Amino acid sequence: MADSTSFTCVSCPLGCVLEVTFDDAGNLADVSGYTCNRGLEYAKQEAVDPRRNISAVVWADGVLEPLSVKTSSPIPKAKIFDVMEEVRALRLQAPIDSGQVVIEDAAGTGVPIVATKSLA
Ligand code: SF4
């Protein structure tokens, strides 16, 4: 029996409600509810491999100012906890440049974590 689910497209503020249907083998069979190609691509990705960008605040030794970091591209949703554990365990030393990689391969996702600002 075919299965279906719906979710809101977060690719733009319009927030179209997307519906995806899977065939009996569990493969993506149909997408509806999108208004543009961006929404169609988002639905395909979200249905089979949901991903999220992560941002966090970390600290460098001896510096009172926090450092914001983020994933350089979305990571699999199932890996969020593992990535946050690695971010939490970071021990950084200033100076750090904006865009500098602080974790090269976050939790085996292949996605780097980068600083979003500089720290002197
Ligand atoms: S389907 Fe297109 S128009 Fe609708 S929310 Fe997504 S990006 Fe925006």
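Strands E1 (residues 3-8) and E2 (residues 17-22) pair in the antiparallel sense over six bridges. Pairing here asks for at least two DSSP bridges between the strands. Helices (H or I, at least four residues) and strands (E, at least two) are DSSP runs, numbered from the N terminus.

Is E1 in the open or covered? Zero of its six residues are buried, so E1 lies largely in the open. The cut-offs count other C-beta atoms, placed from the backbone, within 10 Å of a residue's own: 20 or more is buried, 12 or fewer is exposed, and in between is partly exposed.

Now, what are we looking at? This is a predicted model: local features need pLDDT of at least 70, side-chain atom pairs count only at pLDDT 80 or more, and totals for chains, interfaces and linings use all residues. Residues are numbered from 1 along each chain as its sequence is written.

The overall picture next. The protein has two helices and nine strands. From the N terminus the order is β-β-β-α-β-β-β-β-α-β-β. There are two domains, domain 1 (3-48) and domain 2 (55-115). Those bounds come from an automatic or database domain assignment. The C-alpha centres of the two domains lie 30 Å apart.

Look at the outline. Along the principal axes, the C-alpha atoms fill a box of roughly 60 × 30 × 15 Å. The radius of gyration is 18 Å, whereas a compact globule of 120 residues would have one near 14 Å. That radius is taken over C-alpha atoms, and the globule rule is 2.2 Å times the number of residues to the power 0.38. Of the 120 residues, 19% count as buried.

How about contacts? Two residues are in contact if their C-beta atoms, placed from the backbone, lie within 7 Å. Take contacts between residues at least 6 apart in sequence: 42% of them join residues at least 24 apart.

On to the ligand. Which residues are around it? They are Cys9, Ser11, Cys12, Leu14, Gly15, Cys16, Tyr34, Thr35, Cys36, Arg38 and Gly39. To be near, a residue needs its C-beta atom, placed from the backbone, within 6 Å of the molecule. By class, this shell has six nonpolar, four polar and one charged residues. Ala, Val, Leu, Ile, Met, Phe, Trp, Tyr, Cys and Pro count as nonpolar; Asp, Glu, Lys and Arg count as charged; the others, Gly among them, are polar.

Next, arginine 51. Arginine 51 lies in strand E4 (residues 51-52). It counts as partly exposed because it has 17 C-beta neighbours inside 10 Å. Beyond its neighbours within four places in sequence, arginine 51 is in contact with Gln45, Pro74, Ile75, Pro76 and Lys77. Alanine 78 is 27 residues from arginine 51 in sequence, and their C-alpha atoms are 8.2 Å apart.

Now strand E6 (residues 67-71). Side chains in a regular strand alternate between the two faces of the sheet. On E6, Leu67, Val69 and Thr71 make the covered face, while Ser68 and Lys70 make the uncovered one. E6 pairs with strand E5 (residues 55-58), antiparallel, over four bridges. There, valine 57 stands opposite serine 68. E6 is also joined to strand E9 (residues 113-115) by three bridges, again antiparallel. Lysine 70 faces valine 114 in that pairing.

Serine 73 sits in the loop between E6 and strand E7 (75-76). Buried or exposed? Serine 73 counts as exposed, because it has 11 C-beta neighbours inside 10 Å. Valine 111 is 38 residues away along the chain, yet the two C-alpha atoms are separated by 6.5 Å.

Aspartate 82 tells another story. Its place is helix H2 (residues 80-88). Aspartate 82 is partly exposed, with 15 other C-beta atoms within 10 Å. From alanine 29 it is 53 residues apart in sequence and 31 Å apart in space, C-alpha to C-alpha.

Two backbone details to finish. Alanine 94 and proline 95 are joined by a cis peptide bond, with omega about 5°. Proline 95 is in the loop between H2 and strand E8 (101-103). Alanine 107 has a positive phi of about 50°, although it is not a glycine. Alanine 107 is in the loop between E8 and E9. It counts as partly exposed, with 19 C-beta neighbours inside 10 Å.
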